[in-house]
Amino acid sequence: MITRRDFIKLCMSTAVSFSLTDRIAPFIQQAFATSQAVRPPVIWLELGSCTGNSVSLENAFNPSIDQLLFDMLDLRYHWLLCAEQGAASVQAMLDTVKQEQGQFWLIVEGAVMTADNGRYNELFIRDGKTVTGLAALQEIAPQAKHIIAVGDCACFGGPAAAHPNPCGAKGVWEVIRQPVINIPGCPAHPDWMSGTLGHLLLYGRPELDSYQRPVMFFGQTIHDLCQRRQQYEDGVFARYPGEAGCLYKVGCKGPVTHADCPLRQWNHYVNWPVKAGAPCIGCASPQFPDGLMPFFHHLPELQTGLMPLNVKKIGAALAAAGAGGVVTHLAASIFARRIHRHYLKGTKPEQPLPPENLEQVKQELDDLIKRQQSLLAEAKKLARPGKRRNKKRLLKKISGFLQPQAPKKDETE
Ligand code: SF4
Ligand code: F3S
């Protein structure tokens with residue numbers, strides 16, 4: 001059987017013209033043939049959603065969708081793809097829960113509607129009574145072997161939980177106690193789904209980050225992988241979508257979004273938002289969409305007073321200096337890291353609720369500005385004659401402010 005390391009390399013490779021499902025299918029078939037793995041029974045539950053993730057999965061190359069759902073997995077229930085419909089298909093699902101307790105995998109698409117006991121999302125009828133998505137999830141999830149949330153809505157609430165969220169939409173992991181593997185995206189890329197399911201089949205749970213996302217697909221930011229990164233570094237910014245140059249100033253959220261879209265690309269590995277001239281709107285981010293709006297405004301600027309950490313000034317400094325590459329890189333890196341850390345603070349797994357609106361983000365930036373002002377006041381005092389002995393301490397503080405320690409693993413977003 002292929003080693004785990006080689007499997008991960010395969011998942012992370014960006015060889016085009018073959019879908020990831022096509023590439024991993026032979027190894028999975030081999031594992032089945034040698035009894036190193038068994039086809040798991042799968043229940044695919046769709047809650048509050050637009051079905052976009054199912055459609056995205058169907059966008060895998062033919063015959064990948066068949067390979068994935070019927071050769072790699074033993075799909076027992078998916079309300080759209082079931083041959084049977086109505087009571088018969090629901091019965092098949094309930095039988096699976098009973099007969100395959102602790103063995104079946106539960107894939108959830110869509111947000112959990114929690115308001116009014118979940119009545120805004122009713123899934124099926126049992127014994128003459130409607131069963132809500134919330135009740136079905138709470139009943140089925142504890143009996144599953146693995147729970148996989150696909151798409152931003154199932155992972156973090158996503159667009160279904162956008163303000164004012166009257167249905168109380170939430171991500172699966174906010175509602176149940178069992179561990180969940182999150183595969184975000186609006187929708188999730190078919191490779192992210194097939195690679196994660198393949199890893200689960202062959203080796204168990206993949207390495208996950210603090211948001212329970214597979215590191216092999218969500219380990220780096222869009223910004224780090226972007227083909228326009230050099231233009232960002234050089235201060236060459238597009239003024240409107242579609243123009244050449246880094247799209248930061250027209251709202252690109254690549255610096256705060258973790259996903260491998262620039263390498264993997266969409267629609268059969270043809271293109272991705274930035275390559276098509278549109279800023280990344282952070283659809284794979286836990287904060288999507290409210291925390292990343294407005295989509296066409298750039299990220300909040302972070303004025304330190306000591307180093308102008310915003311792209312306008314970086315660009316101007318570059319033009320003036322002619323060759324300010326090192327300074328720009330330093331400023332840009334600090335900017336990206338600080339914004340990244342502070343913009344997304346407060347959304348750790350223990351407290352997975354994303355900021356409700358930009359006000360909370362602004363509050364954090366206000367705090368930073370206050371700290372900056374207090375440092376400046378201290379610096380002014382020290383500038384007076386006879387007050388220089390605390391200079392070293394102040395410089396240390398300033399350097400801590402500008403270059404915070406690398407965040408611990410659970411603080412990286
Ligand atoms: Fe690419 Fe966006 Fe980063 Fe610019 S800001 S380099 S367009 S990801
Ligand atoms: Fe979404 Fe940004 Fe990728 S908008 S598809 S995460 S480039």
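Student: Which residues of α2 are buried?
Tutor: In this predicted model, the buried residues of α2 are L20, T21, I24 and I28. An α-helix has 3.6 residues a turn, so residues three or four places apart point the same way.

Student: Where does α2 bend?
Tutor: The bend is at P26 and amounts to about 25 degrees. Just after the helix, S35 adopts a positive phi of about 55 degrees.

Student: Let us turn to the strands. Why is β1 described as largely enclosed by the rest of the structure?
Tutor: Strand β1 consists of residues 41-46, and five of these six are buried, so the rest of the structure largely encloses it.

Student: Which strands pair with it, and in what sense?
Tutor: β1 pairs with β2, residues 74-78, in the parallel sense over four bridges. It is also joined to β3, residues 105-109, by five bridges, and that pair runs parallel.

Student: Which residues are bridge partners there?
Tutor: P41 has D74 as its bridge partner in β2, while L45 has V108 in β3.

Student: And I183, is it buried or exposed?
Tutor: I183 counts as buried, because it has 28 C-beta neighbours inside 10 Å and the cut-off for buried is 20 or more. The residue lies in strand β9, residues 181-183.

Student: What does I183 contact, beyond its neighbours within four places in sequence?
Tutor: Its contacts are I148, A149, V150, A188, W192, M193, T196, R213 and P214. I148 is 35 residues away from I183 along the chain, yet their C-alpha atoms are separated by 7.4 Å.

Student: Where is Q220 found?
Tutor: Q220 is in the loop between α9 (215-218) and α10. It has 15 C-beta neighbours inside 10 Å and therefore counts as partly exposed.

Student: What does Q220 touch?
Tutor: Leaving out residues up to four places away in sequence, Q220 touches L225, H258 and D260. D260 is 40 residues from Q220 along the chain, and their C-alpha atoms are separated by 6.9 Å.

Student: Now the ligands. How many residues surround ligand 1?
Tutor: There are 14, of which the closest are H223, C226, C246, C252 and G254. The elements giving two or more residues to this shell are α10 (222-225) and α11 (229-234).

Student: How does that shell divide by residue type?
Tutor: It has ten nonpolar, two polar and two charged residues.

Student: What surrounds ligand 2?
Tutor: The surrounding residues are I222, T257, A259, C261, W272, P273, C280, I281, G282, C283 and A284. They divide into nine nonpolar and two polar residues, with no charged ones.

Student: Finally, the whole protein: how many helices and strands does it have?
Tutor: It has 16 helices and eleven strands. Of its 413 residues, 41% are buried.

Student: What share of the contacts with a separation of 6 or more is between residues 24 or more positions apart?
Tutor: Such residues account for 72% of those contacts.

Conventions: Residues are numbered from 1 along each chain as its sequence is written. Chains are lettered from A and ligands numbered from 1 in the order in which they are written. This is a predicted model: local features need pLDDT of at least 70, side-chain atom pairs count only at pLDDT 80 or more; totals for chains, interfaces and linings use all residues. A residue is buried if 20 or more other C-beta atoms lie within 10 Å of its own, exposed if 12 or fewer, and partly exposed in between; C-beta atoms are placed from the backbone. Two residues are in contact if their C-beta atoms, placed from the backbone, lie within 7 Å. A residue is near a molecule or strand if its C-beta atom, placed from the backbone, lies within 6 Å of it. Ala, Val, Leu, Ile, Met, Phe, Trp, Tyr, Cys and Pro count as nonpolar, Asp, Glu, Lys and Arg as charged, and the others, Gly among them, as polar. The bend at a residue is the angle between axes fitted to the seven residues ending there and the seven starting there. Two strands pair if DSSP finds at least two bridges between them.
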